[in-house]
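Have the structure open while you read.

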Amino acid sequence: MKKADKIRIMEEMNTELLSLKKSPLYEYRTQNGYLPVVGDGDCSAKIMFIGEAPGKNEAKTGKPFCGTAGKILDKLLNSIDLERKDVFITNIVKDRPPENRDPSLEEIDIYGPFLDKQIEVIQPKIIATLGRYSMNYVLEKFGLKEKLLPIGEIHGKFFDSNTTYGSVKVVVLYHPCVAVYNGSKIGILMEDFKIIKKLLDK
């Protein structure tokens, strides 16, 4: 698929999300003048980062990871010689839940198919999950449910799976926000990110 076609599909997805009235987050979004957050970056990237749901800054701008956690993510990408333009960044849930609460199972069910389509369109070789909701969704989607353990036990590890377009490596990472709440965690995150560099260098 040509890059222009991939970009067009993402734009069409944004239009669809704007009028997704069946979502329990639709009313909250429209009342606050927020935007859905489809994703950002290279639509043909080898690496796709999947977070959980947008926060306030993200919902205002329509861009993922543009707040404090985003600055940490940029720092982590830079630590392995990558920039945002080299990867694709998105979330499972495309609208902001009130008060930045965790996404509900209903919300994950509604927005999951959009993420599934993005994976099919981008066809990444590496999918990096950011946080436990993303970890749970992606590992289950790719038939890796038996690998599921608490994120504290499997962060920084990767698992091989197959997709409709070929093989993929799923890397489990902490969400960058853990370093917002606990600055000492940045070292762990940086160490975990090295696995992505190793996989890219192979």
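A quick term to start: a residue is called buried when its relative accessible area is under 20%. Keep in mind, too, that this is a predicted model.

Now for the rings. Searching the whole structure turns up three aromatic pairs. One of them joins Tyr28 and Tyr34: the planes of their rings are at 65 degrees, and planes over 60 degrees apart count as edge-to-face, so that's what this pair is. Tyr28 and Tyr34 are both buried.

Another pair is Tyr111 with Phe114, and this one is tilted. Both residues belong to helix α5, which covers residues 105-122, and they're three residues apart, or about one turn of the helix. Tyr111 and Phe114 are buried as well.

Here are those two pairs side by side:

| Pair | Centre to centre | Angle between planes |
|---|---|---|
| Tyr28 and Tyr34 | 5.8 Å | 65 degrees |
| Tyr111 and Phe114 | 6.5 Å | 45 degrees |

Lys141 lies over the face of Phe142, 5.4 Å from the ring centre. Likewise, Lys185 has its charged end over the ring of Tyr174, at 5.4 Å from the centre.

Back to α5, and what it packs against. Helix α1 (residues 3-18) packs with α5 at an angle of about 170 degrees, and their axes are 10 Å apart. The two helices are therefore roughly antiparallel. Which residues of α5 make the contact? They are Tyr111, Phe114, Lys117, Gln118, Val121 and Ile122, while α1 brings Lys6, Ile9, Met10, Met13, Glu16 and Leu17.

Definitions and conventions: Residues numbered from 1 in each chain as written. Predicted model: local features only at pLDDT ≥ 70, side-chain atom pairs only at ≥ 80, totals over all residues. Heavy atoms only, no water. Phe/Tyr/Trp six-rings, centres within 6.5 Å; stacked < 30°, edge-to-face > 60°. Buried < 20%, exposed > 50% of the residue type's maximum accessible area, 1.4 Å probe, protein only. Helix = DSSP H or I, 4+ residues; strand = E, 2+ residues; numbered from the N terminus. Lys NZ or Arg CZ within 6 Å of the ring centre and 35° of its normal. Axes fitted to C-alpha atoms, helices over the stretch in contact; angles between N-to-C directions. Parallel < 35°, antiparallel > 145°, perpendicular 65-115°, else oblique. Contact = heavy atoms within 4.5 Å.
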